[in-house]
Amino acid sequence: MRYKLTFVVGLALGYVLGTKAGRERYEQLKKSARQVAQNPAVRNTAESAAQQGRQFAGKAYHAVSDKVGDRVPESVAQRVRSLRDRSVNGAGEDDWGTSNT
């Protein structure tokens with residue numbers, strides 16, 4: 001109960017402070033976030049992190065599939081095959097609009 005009360009108080013406090021900050025502060029934060037996201041160093045770091053994530057996911061997939069083998073339900077196997085085919089066939093972007101390079 002104490003945690004729920006703390007959460008609700010924090011939510012209310014955030015709402016009050018957010019409404020006091022107003023639209024102008026929101027636009028400032030949005031502009032700053034956009035500038036950071038467009039920074040080439042940030043973009044390169046994010047892309048290399050995504051590439052490493054894809055590599056680790058591929059290794060994990062192979063390790064799991066070697067151990068699990070044919071015991072995966074057909075619906076899951078079909079979904080994995082369709083995702084793999086989509087990325088291999090050169091669908092340039094994923095669901096979030098980022099490249100898979």
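Biologist: Which residue meets the side chain of E74 in a salt bridge?
Modeller: Bear in mind that this is a predicted model, where local features need pLDDT of at least 70, side-chain atom pairs count only at pLDDT 80 or more, and totals for chains, interfaces and linings use all residues. Residues are numbered from 1 along each chain as its sequence is written, and side-chain values use heavy atoms, with hydrogens and water left out. A salt bridge here needs a side-chain nitrogen of Lys or Arg within 4 Å of a carboxyl oxygen of Asp or Glu. E74 has such a contact at 2.6 Å, N to O, and its partner is R81.

Biologist: Is E74 buried or exposed?
Modeller: The cut-offs are simple: buried is under 20% relative accessible area, exposed is over 50%, and partly exposed lies in between (1.4 Å probe, protein chains only). R81, at 35%, is partly exposed. E74 comes out at 52% relative accessibility, so its label is exposed.

Biologist: How many salt bridges does the structure hold?
Modeller: Side chains of opposite charge can pair when their charged atoms come close. Besides E74 with R81, R54 pairs with E47, with the closest N and O atoms 3.4 Å apart. R54 is partly exposed at 31%, and E47 is partly exposed at 27%. The count for the structure is two.

Biologist: What is the secondary structure pattern of the chain?
Modeller: Helices (H or I, at least four residues) and strands (E, at least two) are DSSP runs, numbered from the N terminus. The chain has three helices and zero strands. Read along the sequence, that gives α-α-α.

Biologist: What distance does helix α2 reach from its first C-alpha to its last?
Modeller: Helix α2 covers residues 40-68, 29 residues in total.

Biologist: About how much accessible area do F7, V8 and L11 have together?
Modeller: F7 sits in helix α1, residues 2-38, and is exposed at 56%. Patches take residues with over 30% relative accessible area and no salt bridge, joining like charges within 9 Å and nonpolar side chains (Val, Leu, Ile, Met, Phe, Trp, Tyr) within 5 Å. Areas come from Shrake-Rupley with a 1.4 Å probe, and for residues only the protein chains shown count as cover. The three form a nonpolar surface patch of about 330 Å².

Biologist: What share of the 101 residues is buried?
Modeller: The chain's accessible surface is about 9000 Å², and carbon and sulfur atoms account for 60% of it. Buried residues make up 1%.

Definitions and conventions
Expected span 1.5 Å × (residues − 1).
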